[in-house]
Amino acid sequence: MFADIFMLLFSLAFILFACTIFTNAVEWFGHKLNLNQGVVGSILAAVGTALPETIIPIIAILFSKGESSHDVGIGAIAGAPFMLGTLAFFITGLAVLVYSLLGKRTTKMNADLSVFERDLTFFIIIYGIAVSTTFIHNHPLIRTTIAILLLLSYGLYIKRTFSDECESNGELEEFYLTKFFKVPTNLFWVLVQLVLALLGIVYGAHLFVEYVQEVSSLIGISALVLSIIITPIATELPEKLNSIIWIGKQKDTLALGNITGAMVFQSCVPVVFGIIFTPWNLKGITMVSAILAFISAVLNLIWVKTRKSINPYALMFGGVLYFIFILYVFI
């Protein structure tokens, strides 16, 4: 029991360590390619850290047998945007308040509003279409056509992100491999650190999920609670921890872009596999999670458009939506 708890805490610390290495590497990678914070946060960091939870539903849908595997895949597909749009937003807003109490920063967020608006707008439109496709799940040809269009839309999103003007990456912390191993700060070593960090994140997430399951079974947590609540939190840890690290460095565009960019990616790529290779009949818990993710995105977009700012308390409202979901699961 104590060994499992120790390994659970160790895996969490390992993910945090890997995320620290990753944020340093991805910032330098963007700097070497002369990319702005919008591209680095919303595409490079978002796609990189979204890989662990993206692989799970694809494997469940394509390579596992039985109807339950489709349920697992659809649940994971719907769960990722939900966790990002509720719990990740909440933790990011909370991190702003905690760092401000520690005197590390102010509560005013300096994120690029255009990046935040663009990502949420893309997500609302694309994810709205994807979820609405469930109402025509008996028409495979139409579903497949929509799925292909959703996949192509991510290419449009990438093009738009690269073409949009955004602030530069600002002052960079010393490159870690150079700092500790005295290697040159060139693109090769930046890629080495980036790949090693990503492998560390994937391994740490796998380790965390494994020991979450071990501890959960030992203390008698049901499989439902594990699959719907605990495991998705674990698989979304990289985005959450990256955002906390960047909030501490007052790089709010990167912190939020890492989350919103992952939301766009999750609504375009994994959803395609769900629409094409499963019945895509969203109902019950999966539909509730999708609706709450959509509500969170809409409310934050309305706030930004009306107040012309990003507020940590508005982000923390995602925690209320997450609590509503927990009540639905148990009641």
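Predicted model: local features only at pLDDT ≥ 70, side-chain atom pairs only at ≥ 80, totals over all residues.
Local features here require pLDDT of at least 70 and side-chain atom pairs count only at pLDDT 80 or more, whereas totals for chains, interfaces and linings use all residues. Residues are numbered from 1 along each chain as its sequence is written, and side-chain values use heavy atoms, with hydrogens and water left out.

Visitor: How many helices and strands are there in the protein?
Guide: Helices (H or I, at least four residues) and strands (E, at least two) are DSSP runs, numbered from the N terminus. Along the sequence the pattern reads α-α-α-α-α-α-α-α-α-α-α-α. The count is therefore twelve helices and zero strands.

Visitor: What is the radius of gyration of the protein, and why is the protein described as being as compact as a globular protein of that length?
Guide: The radius of gyration is taken over C-alpha atoms, and the globule rule is 2.2 Å times the number of residues to the power 0.38. For 331 residues this rule gives 20 Å, and the computed value is close to it, so the protein is as compact as a globular protein of that length. The C-alpha trace spans about 55 × 50 × 40 Å along its principal axes. The radius of gyration is 19 Å.

Visitor: How far apart are the end C-alpha atoms of helix H1?
Guide: Helix H1 covers residues 2–32, which is 31 residues. The expected span of a helix is 1.5 Å times one less than its number of residues. For H1 this gives 45 Å, and the model agrees, with the end C-alpha atoms apart by 45 Å.

Visitor: Is Asn242 buried or exposed?
Guide: Asn242 lies in helix H9 (residues 237–248). Leaving aside neighbours within four places in sequence, Asn242 is in contact (heavy atoms within 4.5 Å) with Cys19, Phe22, Thr23, Thr49 and Asn258. Buried means under 20% relative accessible area, exposed over 50%, and partly exposed in between (1.4 Å probe, protein chains only). Because its relative accessible area is 0%, Asn242 is buried.

Visitor: Which residue lies 6.0 Å from Ala205, C-alpha to C-alpha, at 30 residues apart in sequence?
Guide: Ala205 is found in helix H7 (residues 187–219). At 4% relative accessibility, Ala205 counts as buried. The residue 30 positions away in sequence and 6.0 Å away in space is Thr235.

Visitor: Which helix gives the most to the lining of the largest cavity?
Guide: On a 1 Å grid over the protein atoms alone, a cavity is a set of points where a 1.4 Å probe fits but cannot get out, and lining residues have an atom within 4 Å of a point. The largest cavity has a volume of about 40 Å³, a volume being the space filled by probe spheres set on the points, which are joined across faces, edges and corners. Helix H4 (113–132) and helix H10 (252–277) each supply at least two lining residues. With four residues, the one that gives the most is H10.

Visitor: Which helix supplies the largest share of the lining of the second largest pocket?
Guide: Helix H3 (67–101) and helix H11 (284–307) are the elements giving two or more residues to its lining. Twelve residues line this pocket, and Asp71, Ile74, Asn281, Lys283 and Thr286 lie nearest its centre. The largest share, five residues, comes from H3.

Methods. 1 Å grid on protein atoms, 1.4 Å probe; cavity = no way out; pocket = protein on both sides within 12 Å on 5 of 7 lines; lining within 4 Å.
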